[in-house]
Amino acid sequence: MLRKFLVLVFLIGFSTQLLGQDSIVVYTKRSFKGDRPKIGLVLSGGGAKGIAHIGFLRVMEEAGIHPDYIAGTSMGSLVGALYAIGFSVDSIESLVNHQDWNQVLSNKINYRRVNMEEKKNYGDYIVELPFHGWKPGLPSGAIKGQELELLFEKLTISVASDTSFDQFYIPYRAVATDILTGKAYVFSEGPLALAMRSSMSIPTFIQPVKYKGMLLVDGGLVENFPVSVVLDMGADIVIGVYTGGQLLPEEDLTSLLAILKQSSMMGGTLDAHKQRKNVDIYVEPELNDMSAADFNNSREFYKRGYDAAKKKLPELNALADYMKQFDVSIKDRPELKDSVYVTEIDYSHIKKKKYMRLTKKLLKHSTNRYMHSAEIKERVDLLYGTRLFRKVSYNFSKADSTQGVKLEYDVVERESKYLNFAIQYRNESKIGLIVNATFRNVLLPMSKLEFKFRLSEYPAAKIRYFNYFGYSTKIGSSVSYNLYSSDIPVYDNRVLVANYTRYMNNISGDISLFPSINSSINLLGRYEVTNYKKKIDPENPDISNIKSKSWFAGLSFELNTFDQKYFTNNGVHFRFLVESSLDGKEEYYIEPDTVAANPNIDDFYSLQTDPFLQFSLLFDSYKSLSKKWVMSNEVFTVVSSEPDVEFIHTYLVGGMYPSDPNQIPFLGLPENTIFMNNGFIYRLGFRYEFYKNLYLSAKINGLFYAEDIRDIINDLPAGENSYIGNPENYILGAGVELAYQSILGPVSVGITANDSYSGVWTHIRIGFNF
């Protein structure tokens, strides 16, 4: 009796140990169809953790194993697809390590691909809420997937003509979830880029994909470990790499975020446990201490996958030895091409004629030739840069002829109404809430109506209507009302001796020609009223405010090739402006108490000003010296034909982060310290990124300013305030800055000083420009 009991205990213990192992290798005793067993490779989802799959592939190849089938979900679908079409492990590893994931996993394109009209407000908001009709809504995903799709199209262009995934170097499947039915959908044919994009559409993070009546999201919701898929493909032996994580225990479910995360991954995780029993060699890297969102830590993910695979090397070697008894022919890896022969272009998916006409004009494609992925992406970026579309996509299908493929374009129109929000804080101009409402195609097609406000101690407003002429982006016109207010301090060696608030109002009209996506020629006209309202000014006790009124006409040329609006790495911003004051006057208003005490005087008096010309030039250049270092050179100069026009039209110099029109930064002075109508500024800077999105900068600048340009070389007492040889007309300043690129916009702290005043100035910035 005791002997039987011990035998029973042994058998139970052995079985428990066997079932508890990561894998149960019994494939040697299985029967199989065909002349040899087929190996299936399963790569799970897991966000950035899926990069560990690449480390496994490295060890798998070292062991001499060549899978016959591959199935993947989410990040596993990306790695699996690239390997299946012929990418080497080296090339996949290099791609992941050098990819700008912040760019790909965002809604933003390179700033130089945004057209000139849209650069003004591009990327300046924290929240963008679309309106459906007149009801506010939320985006169906934080990321629209524009850049992600373009990347996938580029990577898969070599198989553009393959309609079936069985034609790949290794037959392949990708798994997505139809959110309408809750069922898995397995891609076995169609556009490979679309299959990868669908499988990676994490709900609420990346927008779902519409395809064949389905609404597809991340396959990890229901089948994060698609073992059954490779079995259906014909696999006899299954290798599975799982990076999806496990359900958290109760003690770790202490936050709303943790519970939501557990809820979203529960179905896929439970299914993975069920599917694991059919895996012969199971690999699960240790990734619990790493984030599924940390795509910038790719090298560590790779290492974890490599180390986990190394631990399974005896099992992998055993499988390789087992397969040697069969006649296994290894196909040569295909040569991957970066172009495809296009015989047809199809715009029929674009339903609105105006957008079809615009697409044809901007893309300017010809057929019956090879097209490179870079060329197609450049054209798509041009179209997307108009900001008329939420997404611009393309894919390939079999052409009617057998010689090439059909290139199919589609667009998703942006919602016609948007409400946008941002914050802005400067310690010199205080905190403000920026609110923008944008309406497209109002009154005329290809038009835009904007209402933009800064709710602050120093408020600002802009109401602007813009429209392109016809279905093109070459010529446009605008009319706008603008209000800007700012603090005007007057210092005497850091002592505040006077203070005004400036309110600048104007109504303007422009006609613009856009020679290229990054340039514009503008014919300008405006009527401007500027009011300087006194806060304190002991030297002028009887003046309450000074108001100027004038008509202006002008011409400008602007070029902007910056790669980023903030924290620019490369590019040039050049602007030349010539303006003429056609008719102007200054009005000086008397304090009410002074008028009451002197009944014989008027409450204001006015002075007519002479017409004058003003030329200004701005040139900012940024150049990457290395991956971490950037050098900047900035120049600004202005020349006026008449002196004493500072109240009519002037540039306000000072500060580290001024953002309103006619404000020019100068390190070493607070904002709006100097009224400059004749002068020159040069600034040299160096910026170092010592941690991701964290920067340290140092800059030095010099300033020469004059009251009357006519006396700049005239060494006479009458011209002593303008003479180029007068040291008092020069200021030298410098500053250092610590800055972070955050979701709220730039967050910066700077300290500056100059050679004229003692002490330092502190400058703080949070948020985007108005």
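Guide: Leaving aside residues up to four places away in sequence, Pro445 touches Lys354 and Tyr471, where contact means heavy atoms within 4.5 Å. The model is a predicted one, in which local features need pLDDT of at least 70 and side-chain atom pairs count only at pLDDT 80 or more, while totals for chains, interfaces and linings use all residues. Residues are numbered from 1 along each chain as its sequence is written, and side-chain values use heavy atoms, with hydrogens and water left out.

Pro445 sits in the loop between β18 (430–440) and β19 (447–456); helices (H or I, at least four residues) and strands (E, at least two) are DSSP runs numbered from the N terminus. Its relative accessibility is 35%, so Pro445 counts as partly exposed. On this scale buried means under 20% relative accessible area, exposed over 50%, and partly exposed in between (1.4 Å probe, protein chains only). From the C-alpha atom of Pro445 to that of Ile237, 208 residues away along the chain, the separation is 60 Å. The C-alpha trace of the whole protein spans about 125 × 65 × 50 Å along its principal axes.

The protein has 15 helices and 36 strands, and 52% of its 770 residues count as buried. Among contacts with a separation of 6 or more, 66% come from residues 24 or more positions apart.

Aromatic pairs number 36 in the structure. Rings of Phe, Tyr and Trp (its six-membered ring) pair if their centres lie within 6.5 Å; planes under 30 degrees apart count as stacked, over 60 as edge-to-face and the rest as tilted. Phe225 and Tyr282 make an edge-to-face pair, 5.9 Å centre to centre with 80° between the planes. Phe225 is in the loop between β10 (214–218) and α9 (227–233), and Tyr282, 57 residues apart from it, is in strand β12 (residues 281–283). Both Phe225 and Tyr282 are buried. Another edge-to-face pair joins Phe466 and Phe514, at 6.5 Å and 70°. Because Phe466 belongs to strand β20 (residues 460–468) and Phe514 to strand β22 (residues 495–516), the pair ties together parts 48 residues apart in sequence. Phe466 is buried at a relative accessible area of 3%, and Phe514 is buried at 7%. Elsewhere, ring pairs connect Tyr27, Phe32, Tyr322 and Phe326 in a cluster.

Charges also sit over rings, a term that requires NZ of Lys or CZ of Arg within 6 Å of the ring centre and within 35 degrees of the ring normal. The charged end of Arg414 is over the ring of Tyr418, 4.5 Å from its centre. For Arg526 over Phe552 the distance is 4.3 Å.

Among the helices, α2 (residues 52–63) packs on α3 (residues 75–85) at about 35°, with axes 10 Å apart. Axes are lines fitted to C-alpha atoms, for helices over the stretch in contact, and angles run from 0 to 180 degrees between N-to-C directions. His53, Ile54, Leu57, Met60 and Glu61 of α2 meet Gly76, Val79 and Tyr83 of α3. By class, this contact has five nonpolar, two polar and one charged residues; Ala, Val, Leu, Ile, Met, Phe, Trp, Tyr, Cys and Pro count as nonpolar, Asp, Glu, Lys and Arg as charged, and the others, Gly among them, as polar.

Helix α7 (residues 146–155) is mostly covered, with nine of its ten residues buried. The buried residues include Glu147, Glu149 and Phe152.
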